[in-house]
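Have a look at the model on the screen, and then I'll walk you through how the pieces sit together.

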Amino acid sequence: MDKKKFNCKMEDIPVITGFVLASMERDKEDFVAYSPRFVDPFMTNMRAKQAECYEIVKSTDVLKHQKAVKVQIDDSLVKLRINLNQIEGYLKLSEDKLDIKLYDFGLKIIRTAIGKGDVEKIIAVGRTLISNVKRNEPELQTNGLKPEAIVVLENLINEIDNLNEKHNSKKDERSRAADGSNAVLNNLWDALNSIIDAGRAMYRGVDNIKLKEYTITHLLKRVHTERANTNTTTTTDTKQPA
């Protein structure tokens with residue numbers, strides 16, 4: 001993977017690019033006169049690079065969704081532990097009537113897998129446990145096991161399976177988005193700096209207002225100020241009335 005050339009956050013780059021391109025659009029005659037490099041389709045290509053980088057930035061949202069699904073999985077595993085305790089209690093009461101040894105039901109394997117975070121193992125052994133419990137259900141019910149306990153176990157395993165598929169899907173999506181992302185961002189960064197270098201060369205000592213519009217430190221401050229204002233407005237808008 002390429003080493004990144006920029007020191008700012010990756011989500012800042014397409015935003016800064018937008019500011020610079022807006023200034024360049026206004027100063028287009030100066031840029032074209034300065035160098036033929038900036039004639040069309042330079043601007044069109046820059047917009048395309050910017051759009052590509054915005055797609056990469058979206059991968060951070062995928063990470064948030066991935067983390068949210070992981071929280072749901074962990075919550076389901078806590079519920080599964082409790083359900084296993086209940087099932088195990090009835091298995092022990094019925095131990096002399098079971099068609100296989102208590103150990104072979106796989107409770108210990110599932111608990112070990114929960115401790116290791118091995119979700120695939122939990123699902124696989126969990127389905128075997130369900131099959132074993134259903135086969136011995138008459139004896140277990142004789143000792144007090146409610147049919148709902150088996151339904152809960154089955155629902156939990158299915159829920160964990162579905163969440164795990166969703167989590168893996170998000171992981172793959174994020175991996176695809178991140179693959180080669182530095183190369184794409186570096187490409188935009190290099191092109192952006194060619195505009196900034198030209199702008200500073202043209203306006204230094206000539207027009208300090210325009211010079212600021214092609215200065216990275218000023219652009220970063222502008223990004224952070226606008227983002228802070230947006231967050232403040234969003235917080236205010238979403239507050240419930242007292």
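Let me start with a definition: helices (H or I, at least four residues) and strands (E, at least two) are DSSP runs, numbered from the N terminus. With that in hand, the protein chain reads α-α-α-α-α-α-α-α-α-α-α along the sequence. That's eleven helices and zero strands.

Some housekeeping. This is a predicted model, where local features need pLDDT of at least 70 and side-chain atom pairs count only at pLDDT 80 or more, while totals for chains, interfaces and linings use all residues. Residues are numbered from 1 along each chain as its sequence is written, and side-chain values use heavy atoms, with hydrogens and water left out.

Now the overall numbers. I'll say buried for under 20% relative accessible area, with exposed over 50% and partly exposed in between, using a 1.4 Å probe and protein chains only. On that basis, 38% of the 242 residues of the protein chain are buried. Contact, for me, is heavy atoms within 4.5 Å. Of the contacts in the protein chain with a separation of 6 or more, 78% come from residues 24 or more positions apart.

On to helix packing. In general, two packed helices are described by the angle between their axes and the distance between the axes. The axes here are lines fitted to C-alpha atoms, for helices over the stretch in contact, and the angles run from 0 to 180 degrees between N-to-C directions. Angles under 35 degrees count as roughly parallel, over 145 as roughly antiparallel, 65 to 115 as roughly perpendicular, and the rest as oblique. As for handedness, a crossing is left-handed if the near helix is turned anticlockwise from the far one by less than a right angle, and right-handed if clockwise.

Let's begin with H1, residues 12-26. Its axis comes within 9 Å of the axis of H3, and the two cross at roughly 160°, so H1 and H3 are roughly antiparallel. The crossing is left-handed. On the H1 side the contact includes Pro14, Val15, Thr17 and Gly18, and on the H3 side Phe42, Met43, Met46 and Arg47 are among the residues involved. For classes, I count Ala, Val, Leu, Ile, Met, Phe, Trp, Tyr, Cys and Pro as nonpolar, Asp, Glu, Lys and Arg as charged, and the others, Gly among them, as polar. The H1 and H3 contact then splits into eleven nonpolar, three polar and two charged residues.

H1 also meets H9. Those axes come within 11 Å and cross at roughly 30°, so H1 and H9 are roughly parallel. H1 passes H9 in a left-handed crossing. Among the residues meeting there are Ile13, Ile16 and Val20 from H1, with Leu185, Trp189 and Ile196 from H9. By class, the contact of H1 with H9 has twelve nonpolar, one polar and no charged residues.

H9 itself covers residues 181-203, which makes 23 residues, and it reaches 33 Å from first C-alpha to last, close to the 33 Å expected at 1.5 Å a residue. That expected span is 1.5 Å times one less than the number of residues. Just after H9, Gly205 takes a positive phi of about 80°.

Next pair: H5 and H6. Their axes come within 9 Å and cross at roughly 160°, so H5 and H6 are roughly antiparallel too. H5 passes H6 in a left-handed crossing. Ile109, Ile110 and Ala113 of H5 are among the residues in this contact, along with Lys121, Val125 and Leu129 of H6. The classes come out as eight nonpolar, one polar and one charged.

Val125 and Ile109 are 16 residues apart in sequence and 7.4 Å apart in space, C-alpha to C-alpha. Val125 is buried, with a relative accessible area of 14%.

Two last spots. Ser76 lies in H4, residues 59-93, and is buried at 1% relative accessible area. Leaving aside neighbours within four places, Ser76 is in contact with Leu156, Glu159, Ile160 and Leu163. Pro41 sits in the loop between H2 and H3.
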